[in-house]
Amino acid sequence: MNTSEDHRPWGFYIVLADQPDLKIKKIIVFPGKRLSLQSHRHRSEHWHIVSGEAVVTIDDNCIPLKAGGSVDIPAGAKHRMENPGPEDLSFVEVQRGDYFGEDDIERYEDDYGRV
């Protein structure tokens with residue numbers, strides 16, 4: 001298992017498992033940062049908050065979550081994770097589907113010019 005960190009402008013992630021039918025990441029989002037508003041054609045995701053505060057956007061819904069909270073994101077739904085708190089946000093992402101490549105990301109909004 002490769003546990004190297006993949007750094008992004010909003011934080012970083014570590015791939016914990018990469019199997020043909022599932023991928024699991026531990027993701028850290030720095031205070032005040034957020035991921036792009038995006039969707040995936042080939043996978044759904046389950047996000048479970050480990051520590052910190054989160055605001056999850058799924059389509060037109062904004063859902064505040066704290067440690068222990070979780071949410072399911074269906075394939076095709078526009079979604080985003082945001083850290084409004086003063087400390088790092090840590091969550092586990094479980095991807096389910098038939099393809100897990102980073103090129104399955106369609107971005108709609110991005111704070112870092114990646115649309």
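**Strand pairing and side-chain contacts**

In this predicted model, strand S4 (residues 37-40) is covered on both of its faces. Leu 37 and Ser 39 lie on one side of S4 and Gln 38 and His 40 on the other, and all four are buried. In a regular strand, side chains alternate between the two faces of the sheet. Strand S4 runs antiparallel to strand S11 (residues 105-109), to which 4 bridges join it. Within this pairing, Ser 39 has Glu 106 of S11 as its bridge partner.

A further set of strands forms an open sheet of 6 strands, paired antiparallel in the order S1-S2-S3-S10-S5-S8. Strand S1 (5-8) and strand S8 (70-73) each have a single partner strand and stand at the edges, so one side of each is left without a neighbour in the sheet. Neighbouring strands of this sheet are turned against each other by 20° on average, with direction ignored. Strands of a sheet pair through backbone hydrogen bonds, in either a parallel or an antiparallel manner. Trp 47 stands opposite Val 71 of S8.

Contacts involving aromatic rings were also examined. The count of aromatic pairs comes to 2. The ring of Tyr 108 has the charged end of Lys 78 over it, 4.3 Å from its centre.

Key:
Residues are numbered from 1 along each chain as its sequence is written. This is a predicted model: local features need pLDDT of at least 70, side-chain atom pairs count only at pLDDT 80 or more; totals for chains, interfaces and linings use all residues. Side-chain values use heavy atoms; hydrogens and water are left out. Buried means under 20% relative accessible area, exposed over 50%, partly exposed in between (1.4 Å probe, protein chains only). Helices (H or I, at least four residues) and strands (E, at least two) are DSSP runs, numbered from the N terminus. Two strands pair if DSSP finds at least two bridges between them. Rings of Phe, Tyr and Trp (its six-membered ring) pair if their centres lie within 6.5 Å; planes under 30 degrees apart count as stacked, over 60 as edge-to-face and the rest as tilted. A charge sits over a ring if NZ of Lys or CZ of Arg is within 6 Å of the ring centre and within 35 degrees of the ring normal. Axes are lines fitted to C-alpha atoms, for helices over the stretch in contact, and angles run from 0 to 180 degrees between N-to-C directions.
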